[in-house]
Amino acid sequence: MTAGRIHSIESMGLVDGPGIRTVIFLQGCSLRCRFCHNPDTWEFDGGEITEPEQLVQKILRFRPYFRDNGGVTFSGGEPLMQPEFLAETLRLCKEEGIHTCIDTAGCGTGSYDEILKYTDLVLLDIKQIDSEDYRDMTGKSMEHFNCFLQALKEHKTPVWIRQVVIPGMTDSRDYMQNLRDYISTIPNIQKVELLPYHLLGTNKYEVMGIPYSLQDVPAMDKDKVADMQKEFFGGYDHV
């Protein structure tokens, strides 16, 4: 059995999928997104080591809160970086009748078919839609993301799109139009969420001694994001 490394567990998540959810943050991520607010999840070392059965027993304690479409969401870090552990945990959750969701940037190491077999919903984090801009934003090519996206299309898994709106990077009308065109090719999108870039978590970089490349970028205007949400993605709300 494959053990996994868990960064932390949030018992009453309200923004990581429908209903009240238990959110499992896994260690490990191969991306180095310039706006990442969880650099403490990048490396695999650290975190609690647990078996899938042990984790599911913890999740079951919160099942009374899962009414109204609640369940469990696997986040990170990047949950796809621990594919065997994730797939087995998802399978056990489905055996217990628990709604499963993964919050992912789509950049893992494979086994996507096995993972999606037991996934009810994917929160898909869009970093950039242009390959060069994607590499600048994440430090990686779009190859792994495109591979996961293909698997997602084949499985027709319900999707919520998430896009962080960053001043001077992803906040233009042209970008929003291109984003709308880009996601129109993805089946089963139920919702699109534009998330205003904020400065919470930037202090972690100072504590960890890591340079923060967006140091001079201000927080995104929430009202402007709300206007773009309504104008460009008002039709995506089929939850």
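Predicted model: local features only at pLDDT ≥ 70, side-chain atom pairs only at ≥ 80, totals over all residues.
**A charge over a ring**

Select tryptophan 160 and lysine 191 together. The lysine lies over the face of the tryptophan, 4.4 Å from the ring centre.

**Aromatic pairs**

The structure holds 5 aromatic pairs, and two of them are visited here. For the pair of tyrosine 134 and phenylalanine 145, display both side chains: the geometry is tilted, with 6.3 Å centre to centre and 40° between the planes. Tyrosine 134 belongs to helix 4 (residues 131-138) and phenylalanine 145 to helix 5 (residues 143-155), so that the pair links parts of the chain 11 residues apart. Both tyrosine 134 and phenylalanine 145 are buried.

Tyrosine 205 and tyrosine 212 are both buried.

**Around glutamate 96**

Select glutamate 96, which is found in the loop between helix 2 (83-95) and strand 5. Which residues does glutamate 96 touch, when those up to four places away in sequence are not counted? The contacts are Val56, Leu60 and Arg63. A distance drawn from C-alpha to C-alpha between glutamate 96 and arginine 63 gives 9.8 Å, although 33 residues separate the two in sequence. Is glutamate 96 buried, partly exposed or exposed? Its relative accessible area is 34%, and therefore glutamate 96 counts as partly exposed, because that class lies between the 20% limit for buried and the 50% limit for exposed.

**A cis peptide bond**

Follow the chain to glycine 76 and glycine 77, and display the backbone. The peptide bond that joins these two glycines is cis, with omega at about 15°. Glycine 77 is placed in the loop between strand 4 (71-75) and helix 2.

**Two residues with positive phi**

The last stops concern backbone geometry. Select aspartate 68, in the loop between helix 1 (52-60) and strand 4. Aspartate 68 is not a glycine, yet its phi is positive, at about 60°. With a relative accessible area of 63%, aspartate 68 is exposed.

Finally, select lysine 156. Where does lysine 156 lie? Its place is in the loop between helix 5 and strand 7. Lysine 156 is likewise not a glycine and has a positive phi, of about 55°. Its relative accessibility is 53%, so lysine 156 counts as exposed, the limit for that class being over 50%.

Note on methods: Residues numbered from 1 in each chain as written. Heavy atoms only, no water. Phe/Tyr/Trp six-rings, centres within 6.5 Å; stacked < 30°, edge-to-face > 60°. Helix = DSSP H or I, 4+ residues; strand = E, 2+ residues; numbered from the N terminus. Buried < 20%, exposed > 50% of the residue type's maximum accessible area, 1.4 Å probe, protein only. Lys NZ or Arg CZ within 6 Å of the ring centre and 35° of its normal. Contact = heavy atoms within 4.5 Å.
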